[in-house]
Amino acid sequence: APLPGPRLTKTDDAEVRRKLQSTADAWNRADLAGHVEAYADSAAFMTGRGPMIGRDKIESSLRRGFWRDGKPVQALRYEHVNVRALGRDHALVTGRFVLTGGGREDASGWFTLVWERGPDGWQEIHDHSS
């Protein structure tokens with residue numbers, strides 16, 4: 001049998017989950033800056049054309065694609081969230097995002113996020129959502 005991998009403390013697991021939920025909460029109150037606050041300044045966001053690097057670029061892309069008149073077109077929620085340690089200071093977070101409302105059909109997809117613990121706490125350093 002394989003050896004058990006590293007484990008996050010309950011406190012770290014709860015903190016990563018809290019920060020992830022804070023991104024949906026910010027989105028739903030039309031606070032895009034708050035939504036991207038969880039990203040590190042140098043975070044990578046995977047796109048169909050390759051990685052987009054930097055929180056500011058990620059914010060601009062989300063604003064162009066998912067916002068109209070200063071607010072999100074649809075509400076955001078997460079489902080099936082799983083947090084797995086990649087070491088003491090890194091975590092892999094997987095789950096499903098769901099966008100609803102706004103007079104549009106629901107849209108959803110799966111995500112894989114890498115989080116890192118740094119001097120300012122846990123931050124997303126990599127986002128691959130599809």
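Which residues line the second largest pocket? In this predicted model, the lining is made up of Arg 18, Lys 19, Ser 22, Asp 25, Ala 26, Arg 29, Gly 34, Glu 37, Ala 38, Asp 120, Trp 122 and Gln 123. By type, the lining splits into 3 nonpolar, 3 polar and 6 charged residues, around a volume of about 190 Å³.

The largest pocket holds about 490 Å³ of space. It has 25 lining residues, and Phe 45, Leu 62, Phe 66, Asp 127 and Ser 129 sit closest to its centre. Here α3 supplies the largest share of the lining, 5 residues, while α1, β1, β5, β6, β7 and β8 are among the elements that put in at least two. The breakdown is 13 nonpolar, 8 polar and 4 charged.

Turning to the packing, the largest nonpolar core counts 27 residues, with Leu 20, Ile 58, Leu 76, Tyr 78, Val 93, Phe 111 and Trp 115 making the most contacts inside it. Helices α1, α2 and α3 each give two or more residues to this core, as do strands β1, β5, β6 and β7. Leu 20 touches Tyr 78, Val 81, Val 93, Phe 111, Leu 113 and Trp 115, leaving out residues up to four places away in sequence.

Strands β5 and β6 form a hairpin with 2 residues between them and pair in the antiparallel sense over 10 bridges; Glu 79 has Arg 96 in β6 as its bridge partner.

Over in helix α3 sits Arg 55, which counts as buried because its relative accessibility is 19%, under the 20% cut-off. Beyond its sequence neighbours within four places, Arg 55 contacts Val 36, Glu 37, Tyr 39, Ala 40 and Asp 41.

Terms used: Residues numbered from 1 in each chain as written. Predicted model: local features only at pLDDT ≥ 70, side-chain atom pairs only at ≥ 80, totals over all residues. Heavy atoms only, no water. Core = buried A, V, L, I, M, F, W, Y, C linked by side-chain atoms within 4.5 Å. Buried < 20%, exposed > 50% of the residue type's maximum accessible area, 1.4 Å probe, protein only. Helix = DSSP H or I, 4+ residues; strand = E, 2+ residues; numbered from the N terminus. Contact = heavy atoms within 4.5 Å. Pairing = 2+ DSSP bridges. 1 Å grid on protein atoms, 1.4 Å probe; cavity = no way out; pocket = protein on both sides within 12 Å on 5 of 7 lines; lining within 4 Å. Points joined across faces, edges and corners; volume = space filled by probe spheres on them. Nonpolar A, V, L, I, M, F, W, Y, C, P; charged D, E, K, R; others polar.
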